[in-house]
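Q: Could you go through this model with me, a few side chains at a time?

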Amino acid sequence: MRNKTTPFIYLVLILLILMAVVVSAEPVVEWEKTFGGSYDDNGRSVQQTSDGGYIIAGQTCSYGAGDYDVYLVKTDSAGNMQWQKTFGGSHYDGGYSVQQTTDGGYIIAGETYSSSAGSHDVYLVKTDSSGNLQWQKTFGGSRFDYGYSVQQTTDGGYVIAGETSSYGAGGCDVYLVKTDSSGNLQWQKTFGGSGSDYGRSIQQTTDGGYIIAGGTGSYSAGRDDVYLVKTDSAGNMQWQKTFGGSDFDYGRSVQQTSDGGYIIAGHTGSYGTGSSDVYLVKTDSAGNLQWEKTFGGSYYDGGYSVQQTSNGGYIIAGRTGSYGTGGDVYLVKTDSAGNLQWEKTFGGSDSDEGFSVQQTSNDGYIIAGWTYSYGAGDYDVYLIKVGPDPAMPVKGIDVSSYQGCKEKDGQDIDWSQVYSAGYSFALVRASWWDSGVDKCFVTNMENADANGMLVGAYHFAYPEYADAGSEARHFFNVAKDYLKEGYLRPALDVENDPCFDSYPYNLRPKGLSDWVNKWMDTVQALARQELHTEVEPLLYVNRTYADFLDEHLANVYDLWIAHPKTPTCNPDGEPDTKKWNNWAFWQYYDPRVCGDNSGYVPGIEGPVDLDVFNGNMSRLNTFKISAWQPDFWILYHLCSPADMVVTDPDGLSISKDLSQIPGAAYVEIDIDGDGDLDEEISIPYKKVGYYQITAVPEANALPDDTYSLEVVLDGQTMVLAEDVQIKDIPAEPYIFESKLNRSDFDSDGDVDYVDLAKMSQYWLAQDCNYPDWCGGVDLNYNRFVDFIDFGLFAKNWLWEKIPADFDIDGDVDFQDFAIFALAWLTEEGQTGYDLNCDIAIPYDKAINEKDLQVFTDNWLLGR
């Protein structure tokens with residue numbers, strides 16, 4: 001055995017030999033580890049575990065009971081060994097595939113000669129979370145049988161793909177084995193012809209069936225071809241495909257992609273530049289070839305493992321003899337169309353190979369294989385952790401009926417071509433004004449989504465012509481089917497000049513900002529109440545019209561910035577957005593501005609707006625619409641008031657007589673005058689947020705029994721149900737909102753005298769420090785606390801009984817406050833409102849801040 005350099009000591013040497021043919025910036029190596037003893041050990045499969053660590057399966061000659069044993073290694077997130085286990089007997093055994101199971105344990109597939117019925121059998125091993133053996137099984141006949149890939153299935157069982165010479169039609173066939181959760185055989189299948197055929201990788205597909213990749217000598221155009229087999233859930237073949245040329249071609253790894261198709265990695269001697277190249281094949285859901293790519297140099301290169309990445313591209317691990325130092329681990333990253341983004345090699349002066357790769361939770365990559373360059377023995381397990389991809393643009397487009405569709409001009413966008421060209425998301429116009437509907441909206445949304453794109457809807461605003469609420473409700477009605485979980489958040493497109501005096505809704509910056517806020521709030525509220533989704537719209541604005549909006553909004557909404565006037569109209573660099581630097585999406589190309597051919601996208605006739613996302617695909621996925629949960633849940637058991645429970649985020653639980661909710665009451669009254677008693681519950685709960693009430697009938701409730709439900713909230717009574725029969729209980733819960741928060745300056749859940757005092761403090765001072773926005777009291781964002789803010793505050797001040805009964809209706813309420821505020825602001829009708837007098841100074845014959853203070857004192861004290 002030779003002396004080996006150590007990668008952790010000779011770091012400078014590693015940096016010199018980690019050479020790559022770089023297409024764009026490549027990720028950095030975070031750490032490398034080796035495992036094994038004084039003989040041969042290798043890693044064939046790796047997966048990140050639920051605790052953030054890693055599990056590796058392979059073979060060891062250094063440890064165990066026989067010549068070679070299954071080798072299972074568990075590490076922490078930094079690659080430090082936590083434990084290792086071996087499985088097998090006195091002869092040759094090996095592990096080729098591992099997966100963490102739903103119970104926290106591990107399933108391993110491989111081969112055994114120690115416990116076989118023939119020469120070699122498929123070997124299936126199940127362990128607990130600490131690697132302790134729970135059971136082991138073998139499958140096969142009197143000859144050679146191998147298991148190369150295993151996956152836990154949705155029914156809790158396992159499926160294994162490999163090869164068999166014991167069964168089938170030829171010298172060697174693809175071998176498919178299905179077991180239950182205890183490893184007992186449920187069925188087995190073989191695929192192939194009279195030649196040699198084998199399976200190397202399997203995955204359960206979204207339809208419950210299976211996809212298998214391997215090689216075939218029975219159906220090949222050359223020496224061997226890539227072999228792709230699709231089965232149903234019972235293992236019956238649905239179709240088979242081959243790929244390759246006149247020489248040898250092998251499939252080593254397969255995965256179903258987000259568009260329903262498949263990606264295969266392997267080796268090719270038929271295509272490429274060397275004796276063997278990495279072979280990457282993309283198909284549609286029926287196995288039809290969409291594209292194929294090769295990677296490598298003039299010598300031997302091959303791919304063993306492939307996975308679709310979070311940004312829609314692909315990561316491939318294998319080996320290269322063309323680059324590095326003469327036989328290195330080879331890592332290749334492509335975009336969604338298979339175009340090379342970067343490639344990297346790892347290893348030393350001897351032979352090193354990568355057999356398995358997986359993207360990790362931080363968007364980096366973990367690679368397992370073997371190394372002859374480093375470690376303690378001949379070959380050792382080689383584990384490499386690579387950091388996330390460097391910042392690379394996630395590209396997208398925005399479209400409308402201008403790009404056409406069958407409803408408009410008979411020609412749909414070919415979204416499969418758009419996606420294959422490397423575009424990952426699309427924003428699609430749904431509506432404009434308070435009545436316009438884009439005739440291509442539904443077609444574009446459906447087709448883009450079906451072809452793997454992330455899609456969201458947008459509304460083109462006309463704030464100079466229509467009310468924000470009207471436009472918001474119109475957009476919601478048009479787009480509501482696409483404001484559900486999984487779609488991108490919608491956007492409000494504001495780019496019309498709102499300041500011409502001739503427009504009906506003549507708006508200035510402050511007014512336009514209010515318009516935007518109202519549109520956003522309305523869409524969000526409608527989505528919560530009708531769809532139970534959390535919709536936080538994006539704000540689209542170009543550089544010119546950004547000046548018409550208050551920059552405070554840049555800190556409130558995620559921005560979609562339009563600024564194509566860069567020198568080259570491409571996504572390199574960043575937009576010049578002045579104060580709007582907190583952008584999420586950037587429209588970097590507009591054919592009306594850029595005027596060149598770079599705006600043409602495959603699958604679309606004519607130029608189109610091009611966009612880029614400010615982050616990677618993992619971050620873009622956080623911009624999907626999610627399920628919305630209310631702040632409070634009220635479970636209302638009909639006919640059983642004692643079982644009614646109200647909960648809030650603080651864990652408060654109120655039940656039985658509702659005594660812990662001030663003013664709450666359960667009564668039985670005849671609401672509708674039909675002579676029968678109805679149930680009614682009143683909940684004057686005063687915390688900020690949305691409330692959800694679910695009505696649940698008790699066992700003793702009769703179908704024709706009726707109930708009524710009302711809520712007294714913020715001084716207002718809302719009737720949610722009146723004389724509804726038990727059999728007609730709505731499937732969806734009742735939802736309502738407490739809007740106290742806009743004036744809840746001290747964030748205690750109530751709008752009370754403390755908030756008024758804070759409001760008065762700023763309001764009387766008439767100024768505040770920018771950009772603190774006056775402690776949140778500057779409600780219209782004009783940098784001053786003035787009577788407009790007070791008016792907005794008053795609208796939210798729906799308190800209970802208060803003194804100063806100016807409208808002489810028997811109580812003092814917000815109407816009296818409004819009357820007082822009106823008089824106080826206009827100084828009209830001073831009699832009765834000029835409140836400040838004392839012995840020394842009688843009424844000062846003016847309505848001013850002193851009166852406000854006197855009014856406030858008496859109003860709060862009930863005098």
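Q: Before we start, what kind of model is it?
A: It is a predicted model, in which local features need pLDDT of at least 70 and side-chain atom pairs count only at pLDDT 80 or more, while totals for chains, interfaces and linings use all residues. Residues are numbered from 1 along each chain as its sequence is written, and side-chain values use heavy atoms, with hydrogens and water left out.

Q: OK, where is Lys230?
A: Lys230 belongs to strand E16, residues 225-231 (strands are DSSP runs of at least two residues and helices, H or I, runs of at least four, numbered from the N terminus).

Q: Buried or exposed?
A: Lys230 counts as buried because its relative accessibility is 3%; buried means under 20% relative accessible area, exposed over 50% and partly exposed in between, with a 1.4 Å probe and protein chains only.

Q: And what does its side chain pair with?
A: The side chain of Lys230 makes a polar contact of 2.6 Å with that of Gln238 (a pair of N or O atoms within 3.5 Å, where within protein one must be able to donate a hydrogen and the other to accept it, and residues adjacent in sequence count only if both atoms are side-chain atoms).

Q: Switching to Gln417, which residues does it contact?
A: Leaving aside neighbours within four places in sequence, Gln417 is in contact (heavy atoms within 4.5 Å) with Pro602 and Gly603. The C-alpha atoms of Gln417 and Pro602 are 5.6 Å apart, although 185 residues separate the two along the chain, and the side chain of Gln417 reaches the backbone nitrogen of Gly603 at 3.4 Å.

Q: Now the rings, how many aromatic pairs are there?
A: The count comes to 38 aromatic pairs, taking rings of Phe, Tyr and Trp (its six-membered ring) whose centres lie within 6.5 Å, with planes under 30 degrees apart called stacked, over 60 edge-to-face and the rest tilted. In one of them, the ring centres of Trp31 and Tyr54 are 6.0 Å apart and the planes stand at 65 degrees, so this pair is edge-to-face.

Q: What does that pair tie together?
A: Trp31 lies in strand E1 (residues 29-35) and Tyr54 in strand E3 (residues 54-60), so the pair ties together parts 23 residues apart in sequence. Both Trp31 and Tyr54 are buried.

Q: Which residues form an aromatic cluster?
A: One aromatic cluster is formed by Tyr304, Phe355, Trp370, Tyr372 and Tyr379.
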